[in-house]
Amino acid sequence: MVSSLQDRLTSKLPGRLGERSDKPVVSMVRLHGVISPQAGPVPRAVINAQSTEKVLERAFAVERLAAVALLINSPGGSPTQSALVADRIRGLAQEHQVPVLAFCEDVAASGGYWLACAADEIYAHPTSIVGSIGVISQGFGLEGLIQRFGIERRLYTAGGSKSRLDPFLPERPEDVEWLRGLQDQLHVLFQDWVTERRGDRLKEDEDLFTGEVWTGARAVEVGLVDGLGTPRGVLTERFPDAELTPVEGRKPLLARLGLGAPAAARSLAGVDSMLGVAQAADIRATWARYGL
């Protein structure tokens, strides 16, 4: 029993203690999931400023750093969290004076593409789904449902705008107009960010900022990405002498040693069932918007 534990501990240690490589390093950071301020029902199911802070700091703090690669697989989500994570990436890149390359996997759409634009160069697989530079809001109208079951809702507000778009009240045209105005403001900010980061690499296309999506192959033609390729293929060619080093968020000690219950199982055990199911359904619907 003791010997088995020692073997497991030893297997987690570097092959040669004190060994040092003089090769340059490219940090590889995976940004996977829906972009949301809330934690996901499964660990690392969402992207937000809090969940990425430490891993980004670690990625840019590596010695002999030649570049940072972002492996992006996200259908988007919160515009604010997208902007916060992208701003942090740009701040660290400027602080450490290293280039950032983004690689679009299955999808880098909406907020996922916002993240990609934090990089100096963007690459995609020919089959990747890229773009969706737009803003979307969604909800339900439940007024008829509560009437059907004889439920009386009592709502008290101070301020005429506090109950805008309440799902249990009839939809008002002025509320929809207000929402569309808000969406237009966010859309302009998204366009400005893409234009600032991509510059004259963008091609003239009337659908560029309509929320349209493209395959990676087509995204090259309209200037949303710089080229096609896989992370290892592109990085090996660009940095032939570099070590490609994945950087992940720190796990608890027992998880790093492969001991104890799986992190996902522990997390799910403590999640409120109804909230977890609802959030999981929302995350699933966001991915499904792009056929995934």
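The legends below describe close-up views of a predicted model.

Residues are numbered from 1 along each chain as its sequence is written, and side-chain values use heavy atoms, with hydrogens and water left out. In this predicted model local features need pLDDT of at least 70 and side-chain atom pairs count only at pLDDT 80 or more, whereas totals for chains, interfaces and linings use all residues.

**View 1. The chain as a whole, with 11 helices and 10 strands.** Helices (H or I, at least four residues) and strands (E, at least two) are DSSP runs, numbered from the N terminus. Of the 292 residues in the chain, 37% are buried, where buried means under 20% relative accessible area, exposed over 50%, and partly exposed in between (1.4 Å probe, protein chains only). Among contacts (heavy atoms within 4.5 Å) with a separation of 6 or more, 73% join residues 24 or more positions apart.

**View 2. The largest nonpolar core, with 45 residues.** Such a core is a set of buried Ala, Val, Leu, Ile, Met, Phe, Trp, Tyr and Cys residues joined through side-chain atoms within 4.5 Å. Val29, Leu70, Tyr113 and Leu224 touch the most other members, and helix 3 (residues 79–96) gives the most to this core, with six residues. Apart from this core lies another, of 13 residues, which includes Met28, Ala69, Phe103 and Phe239.

**View 3. The surroundings of leucine 224.** Not counting residues up to four places away in sequence, Leu224 touches Tyr113, Ile122, Val130, Gly131, Ile133, Arg198, Leu202, Leu208, Trp214 and Ala219.

**View 4. The salt bridge between arginine 88 and glutamate 57.** A salt bridge is a side-chain nitrogen of Lys or Arg within 4 Å of a carboxyl oxygen of Asp or Glu, and the whole structure holds 13 of them. In this pair the closest N and O atoms are 3.2 Å apart; arginine 88 belongs to helix 3 and glutamate 57 to helix 2 (residues 49–60), 31 residues apart. Arginine 88 is partly exposed, at 28% relative accessible area, and glutamate 57 is likewise partly exposed, at 28%. Glu53, Glu57 and Arg88 are linked in a network of salt bridges.

**View 5. Aspartate 120 with arginine 90 and arginine 197.** The closest N and O atoms of aspartate 120 and arginine 90 are 3.6 Å apart. Aspartate 120 lies in the loop between helix 4 (111–116) and strand 6 (121–124) and arginine 90 in helix 3, so this pair ties together parts that are 30 residues apart in sequence. Arginine 197 also meets aspartate 120 in a salt bridge (3.6 Å, N to O), and this pair links the loop to helix 6 (residues 173–198), 77 residues apart. Aspartate 120 is partly exposed, at 27%, whereas arginine 90 is buried, at 13%, and arginine 197 is buried, at 17%.
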